[in-house]
Every structure is written in C-alpha cells, then in structure tokens.
Amino acid sequence: MALILGAIPASAQSLEDLNIQIHGYATQGFLYTTQNNIFTTSSSNGSPAWTEAVLNVGAQPTPKLRIGVQGRYSLLGNLGNTITLDWAAADYKADERFGVRFGKVKTPNGLFNDIQDIDPSYQWALLPQSVYPLMSRNSQLAHYGGVVYGSFKLGRELGRLEYRGWSGKRVIAGSDGYFLSQTESGTALPNGIGGITSGFALHWRTPLVGLMIGADDVRDNQWNASITQSVNVGGGVTASFNGTEALSNFDAPSFFAKYEKNKWMIAAEQTRLPVSGSGVIPALAVITPFRLDQKSWYGMVSYKVTNKLSAGIYDTQSIDHQAALTPARYLKDWALNAHYDFNQFLYAKVEQHFYDGTLVGYDAALNPATKALPTGLQPNTRLTILKVGVSF
Amino acid sequence: MKKLLYVFLLVASASIFVVQAKAQVIVIANPSVKTSEVSKNDLKDVFTGASTALPGGGNVVPILLKGGTVHEEFLQAYIGKNDTAYRAGWRSLIFSGQASMPKSVDGDAAVVAFVASNAGAIGYIGKASPHEGVKVLQIK
C-alpha cells in the first residue's frame with residue numbers, strides 16, 4: 001500500500017486530493033436450532049458464536065485510479081476467530097467500456113458472490129445456503145489475479161450490457177467448511193487445495209427499468225493438494241499416511257435475474273457445481289474417487305414495508321445428483337426475514353429457516369452419531385437467527 | 001359538523017402548505033459537462049455507481065448532500081430509494097472494492113461550490129438556492 005501511495009504523482013500529494021476513505025462494519029449473530037447443531041456452533045442450545053468486523057481503507061488519487069485494502073475479523077463456531085485479508089487491489093477504469101482491477105480481488109460471479117460477506121448490503125441474515133454456503137464463503141470470495149470489466153449501451157431500446165472477466169489463483173484452505181466432514185473422517189489437507197480459476201459474466205440491464213438478467217461461467221482447472229490420512233492402527237495408536245488429492249477441470253455455470261421496482265425486489269439464481277476427482281494414498285494402496293453434481297436454485301422477494309422496515313421470503317433447494325438417496329443428498333429451505341434500520345448506521349435482522357435435508361453446514365463433532373441416529377443428524381431442523389450490525 | 005369541516009379544512013391547508021414547503025430539486029453540473037440534459041435512468045446510474053459517465057456528457061463526478069429534505073426528495077424522485085437503502089447500495093460497491101463513496105457535503109451552497117470548481121462534477125440542490133457558476137441539467 002505504501003509503495004503504491006508513494007508512486008502517486010506529485011500533483012496529488014495532499015490527503016484531500018487522495019480522497020482517502022475509511023469504512024467499516026461489525027455484526028453479531030445469534031443462532032438457535034431445534035435439532036442439529038449448525039455451522040460448527042452449539043446452536044441447539046443457542047449460540048452467539050457468529051461475529052464479524054471489517055475495516056476498509058481506500059484512496060482515489062486520480063479520477064481513474066483507485067486503490068484499497070480490506071481486512072476482516074471473523075468468528076463462526078469452531079471455524080473462525082481469525083483475521084484475514086478480504087482483498088487488496090488497484091483499480092484502473094479507463095472509461096465506461098473498460099476497467100481492470102488486480103491484486104487480491106473479489107470474484108464477481110453470480111448475483112451475490114462478491115458481496116456475500118457484506119452483511120450491511122443485503123436484506124438477509126443468511127443468504128441461500130444452496131448457492132452461498134456460509135462455511136465455505138471465504139474460499140469463494142476472492143482470488144489472486146485480476147478482473148476486467150466494463151459496460152456498453154445497447155441503444156435506447158435495448159438497455160445496457162455489462163461484462164466481467166476474471167482469472168487468477170484461488171486457494172481453499174484445509175480448514176474450510178468444504179473439507180469439514182473429510183477432516184473429521186481423518187483426511188486432512190494441510191496446505192489446502194488450489195489452482196487456476198477463471199470466468200466470465202454478462203449482466204444485461206434490460207430496457208425494463210430495474211430488470212437485470214445475467215449469466216456466468218466459472219472454470220476451474222485441475223487443482224491438486226497433498227493430503228494426510230490418519231488411521232487408527234489399534235491399541236489407541238494413530239498412524240499418518242501421505243497422499244495426494246486432485247480435482248478434475250470443471251465448469252460451474254449460473255443464471256440469474258433481479259428486478260427492483262419501488263418497494264419490491266425479486267431475484268432468482270440457478271447454479272450447477274459438477275466436481276469430480278480422487279484421493280490417492282500410495283502406502284495404503286487406496287484410491288478413493290469422488291464425484292458430486294450439485295444443482296441449486298433460489299427465488300427471493302422482499303418488500304419495504306416502511307422506510308425502516310423490510311420483510312422478505314425466499315425458497316431454495318440444492319440436490320446432489322450423484323449422492324445416495326438419503327437426506328444428505330439435498331437441502332430445501334424456506335426463509336422468512338425482517339430487516340429493521342434504526343438509522344443509517346445501525347440495523348437488526350431476524351430470520352426463520354425451515355431446513356429439510358442435511359446438505360448444509362453440519363459437522364460430526366457437534367452432531368455425534370448415536371444408536372438411534374447413526375448419522376447424528378435429524379432430517380429436519382428449524383433455525384432462528386437474530387443479527388445486529390453497525391456500519392459506517 | 002361545522003367543527004369537523006373546520007378540522008378538515010385546517011388539515012387540508014396544512015397539507016397544501018407542507019407540499020408547497022417541500023423543496024423542489026434541480027440537478028446542476030460543472031460547465032465542462034458537455035450535455036445540458038440527462039435522462040432519469042442515466043442520472044440514476046451515475047448516482048448509484050453503475051456508471052461514471054453521462055451519454056454525450058463525458059465522465060462525471062457525483063456529489064451528495066449529507067441529508068435533509070432536498071437530499072431525501074432527490075433520492076425519492078430520481079433513485080427510488082430512501083437514504084438508508086441508498087447508502088446500503090453504495091456499501092456493496094465499497095466493501096467489494098468496486099467504488100469509492102461520493103463526497104458528501106452540508107448544504108446547497110457547498111454543493112454549488114464543489115460543482116462550480118470541479119470539472120465533471122454533478123450534484124443537486126433546492127430550486128431556490130443560488131447556483132452561479134454551474135449549469136442546470138434538464139431531466140428528460
């Protein structure tokens with residue numbers, strides 16, 4: 001940051017000219033579930049273990065150049081209590097048609113991906129878990145590389161077309177929620193897994209004011225990781241064996257639309273995540289192939305009841321078409337939400353979820369198997385969320 | 001009945017007074033902005049961060065009022081949101097690294113001073129406020 005600031009032309013040296021801005025927000029959530037413990041919290045007893053605080057510093061030394069950095073403190077059950085770098089990037093916007101952003105940048109796919117961690121920017125306490133899983137959020141948010149973007153007017157009758165293209169390296173940490181069940185079963189990824197990711201998105205702002213229709217495709221090249229398999233060899237002794245895990249190339253397309261008019265907001269998104277790969281432990285002569293094909297969608301509506309109060313509802317589903325026919329194959333959820341702004345800084349959200357299926361953030365450690373419940377999980381769970389936030 | 005009529009007339013005249021007392025907003029721009037009219041949609045794009053240029057007008061830099069009747073009226077008339085929802089939209093852009101928040105100032109005079117002295121600047125003020133050194137954009 002200091003180096004970039006140092007490179008700014010002498011004509012723009014005053015703090016006023018640099019247009020330095022500092023923003024931030026903090027949220028505190030409370031989770032209560034009727035059955036399963038969720039998001040690695042003891043939610044069935046009521047859990048406040050969901051805290052986030054974000055600090056953002058940006059500067060705009062020239063009209064076309066912006067630089068910024070954003071850090072985050074995050075606590076979510078047993079997954080968090082960490083400080084991470086959300087993004088740190090320089091952005092050069094030549095004109096409406098072309099801009100480029102590089103560094104650690106937000107990955108702009110889907111309707112919410114690049115803002116899914118920005119709680120003050122949306123109605124919901126929890127985005128649809130079928131498409132935006134909270135426990136794997138940090139891995140999906142950003143990549144090291146760049147984004148090109150711009151927009152074209154299609155003429156008075158046809159609206160505007162916005163494009164975003166991106167490429168770079170993404171690393172999913174071994175502690176990510178994606179690998180929770182794998183880790184709990186004894187297979188760890190000490191260095192995480194990573195590789196090249198790229199994608200392209202088009203957003204058509206249609207002539208119908210407020211209606212945007214979009215599509216994108218995310219392509220991940222083959223990703224590789226080293227793994228460690230822990231095996232109980234008897235007598236309370238555990239041995240570790242090294243191996244590798246590889247994911248094949250895959251494309252994850254999504255289609256989405258959003259319509260905002262007066263007090264209404266309606267949005268929908270559909271995605272597909274087809275992933276296959278294998279884990280190999282040579283010393284044990286074990287090759288474990290895996291494959292998932294997760295098709296997910298959501299539809300949401302919100303309405304501004306008063307200047308301060310909004311209400312919303314969404315329905316979402318996700319089905320892994322490669323999974324066995326058990327409740328672990330799917331997630332269905334209805335969510336009811338209310339959002340209240342006390343003023344422009346302070347807000348509160350309350351939300352009720354009706355989960356059916358277990359394809360959501362459950363872990364084995366807090367949902368231990370019993371004789372009566374071999375998977376440790378009930379097929380249905382109700383989740384209540386209270387959340388307060390402050391932003392500036 | 002007469003009393004009721006008086007009350008009705010009183011409330012009606014108060015409402016008229018309130019409506020008339022509401023500031024009417026005009027959109028002003030630095031003389032360097034090449035256009036003299038702007039569509040409501042293009043204006044909305046500029047003030048919500050969706051665009052940084054006006055068709056035929058070149059790059060523009062929006063400036064906001066910190067609050068008040070003129071600010072609320074501008075947001076309702078041209079953005080379709082209240083202040084809280086409007087700022088939430090900007091937070092999406094700020095916290096995802098896509099934009100910086102436009103400068104906010106206190107009072108119409110500060111808006112006029114900024115717009116008059118910064119090339120490409122565009123803002124809004126009450127219709128009755130003095131606005132020398134800037135041009136008024138017609139909203140199509």
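A: What follows describes the contact side and then the pairing of strands.

This is a predicted model, in which local features need pLDDT of at least 70 and side-chain atom pairs count only at pLDDT 80 or more, while totals for chains, interfaces and linings use all residues. Residues are numbered from 1 along each chain as its sequence is written, and chains are lettered from A and ligands numbered from 1 in the order in which they are written.

The contact, for which two residues must have C-beta atoms, placed from the backbone, within 7 Å, takes 32 residues from chain A and 21 residues from chain B. On the side of chain A that touches chain B, the elements giving two or more residues are β1 (21-33), β2 (47-62), β3 (65-76), β4 (82-95) and β5 (98-106) of chain A, strands being DSSP runs of E with at least two residues, numbered from the N terminus. The largest share of that side, five residues, comes from β4(A). Its residues divide into nine nonpolar, 13 polar and 10 charged, where Ala, Val, Leu, Ile, Met, Phe, Trp, Tyr, Cys and Pro count as nonpolar, Asp, Glu, Lys and Arg as charged, and the others, Gly among them, as polar.

Two strands pair if DSSP finds at least two bridges between them. β2(A) and β3(A) run antiparallel and are joined by 11 bridges, with A:Thr51 opposite A:Leu75 in β3(A), and a hairpin connects β2(A) to β3(A) through two residues. β3(A) also runs antiparallel to β4(A), with 10 bridges, and A:Ile67 stands opposite A:Ala90 in β4(A). In the hairpin of β3(A) and β4(A), which has five residues between the strands, A:Gly77 takes a positive phi near 50°.

Key: Helix = DSSP H or I, 4+ residues; strand = E, 2+ residues; numbered from the N terminus.
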